[in-house]
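These are my notebook entries on one protein chain. I record what I looked up and what I found.

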Amino acid sequence: MKQRLSAAKFNIPIAEIKRGYYSDSYFVRTKSILEKDNHNPSVLMQVFQRQHAVLCGIDHAVAILQTCADNPAGLKIRALNDGDRVEPWETVLTIEGHLASFVHLETVYLGVLSRQTKIATNVDKVVKAAAGKPVLFFPSRFDHYAVQSEDGYAAKIGGVFGVSTPANASYWNGPALGTIPHALIAAYSGNTLSATEAFDRYIDPAVNRVALVDFENDCVRTALETARKFGSRLYGVRLDTADTLVDVSVLPHMGSFKPTGVCSCLVRNVRRALDDEGFTHIKIMVSGGFTAEKILAFEAEKTPVDVYAVGSSLFNDNVNFTADIVSVEGSPCAKVGRRYLENSRLQAVE
């Protein structure tokens, strides 16, 4: 049986969750009514979603139930595992116990499942599109910092190669990866070579040297300048041309493709220029507006990319989980259109 993450791994605000601070008010009121009416039936709660997905957030959801329910020992929990591939309507979690003990937690554990499964599923799509090439998880700037640990874990479950912040990697104590930002180049008066030299002087030699080469919108020239300076010490170059710009090297080739941003033509121009001067070891990393669809197109065209850094698209779409009572005191009881869906893959949670 797969080892689950312990509740101690998560930074759960137990007191606030227990008092319903993060819960929809009707769940808190339901708990109050059941307690005041001395009516606390034993129920079976079933959780599912409606699409093909890579499941994530199960261990976190279980941890919430185990730390924030009124009587965790009285709950019987069965669940799939983080990383499981699930079908539409497949039961991923069941909770059996007295309703008042855990009804106030539904908003919280469903929210965890929804967000983490969304990210794991999106990352999985991108990783598949990249056909074995490394994918870096770089969307943290597009959302609240408080979710970085869980997001990074979900990305890891989805198959990402690396993440950008220490918080992203906190669940497995991994390294945060990153190259040179435009801000550092600007600080050196727009001189990419000077910024890269400063990076090289002061950053641990164990960190790969990757030059960001689009600052002046002339990626070929800038890539060659840094390659000539650093030679074998330069691990790679990163292309991050804005989607509103056409790189200087692409202008002569315009006419039959979208020329803006990091297009296939730009990547080929840089690869050819580097190879022509013997810098075949230098890898090409691309970033800026990449989606699973764009990566699929790049791979279909055999674009010579070595690493994909993907950002905001990994937060797109939603995976919405639903919880339903399907049994009360051992007898079937569910809203019309819902019923108990047995899943032999569920495992008892200790």
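Which backbone oxygen lies 2.8 Å from a polar atom of the side chain of Thr117? I found that it is the backbone oxygen of Cys56.

**Basis.** I am working with a predicted model, in which local features need pLDDT of at least 70, side-chain atom pairs count only at pLDDT 80 or more, and totals for chains, interfaces and linings use all residues. Residues are numbered from 1 along each chain as its sequence is written, and side-chain values use heavy atoms, with hydrogens and water left out.

**Entry 1, whole chain.** I noted 11 helices and 14 strands in the protein chain; helices (H or I, at least four residues) and strands (E, at least two) are DSSP runs, numbered from the N terminus. The C-alpha atoms fill a box of roughly 80 × 40 × 35 Å along the principal axes. Of the 350 residues, 51% are buried, where buried means under 20% relative accessible area, exposed over 50%, and partly exposed in between (1.4 Å probe, protein chains only). Among contacts (heavy atoms within 4.5 Å) with a separation of 6 or more, 73% join residues 24 or more positions apart.

I located Thr117 in helix H5 (residues 106-129). Thr117 counts as buried because its relative accessibility is 0%. Beyond its neighbours within four places in sequence, Thr117 is in contact with Ala53, Val54, Leu55, Cys56, Val319 and Phe321.

I placed Asp214 in the loop between strand E8 (209-212) and helix H9 (219-230). Asp214 is buried yet has no salt bridge, that is, a side-chain nitrogen of Lys or Arg within 4 Å of a carboxyl oxygen of Asp or Glu. Which side chain of opposite charge is nearest to Asp214? I found Arg238, 6.0 Å away; Lys and Arg count as positive and Asp and Glu as negative, while His and the chain ends are not counted. The side chain of Asp214 does make a polar contact with the side chain of His182, at 3.0 Å. A polar contact is a pair of N or O atoms within 3.5 Å; within protein, one must be able to donate a hydrogen and the other to accept it, and residues adjacent in sequence count only if both atoms are side-chain atoms. I also noted that the backbone nitrogen of Asp240 lies 3.3 Å from a polar atom of the Asp214 side chain.

I found Tyr202 in helix H8 (residues 192-202). Tyr202 is exposed, because its relative accessible area is 65%.
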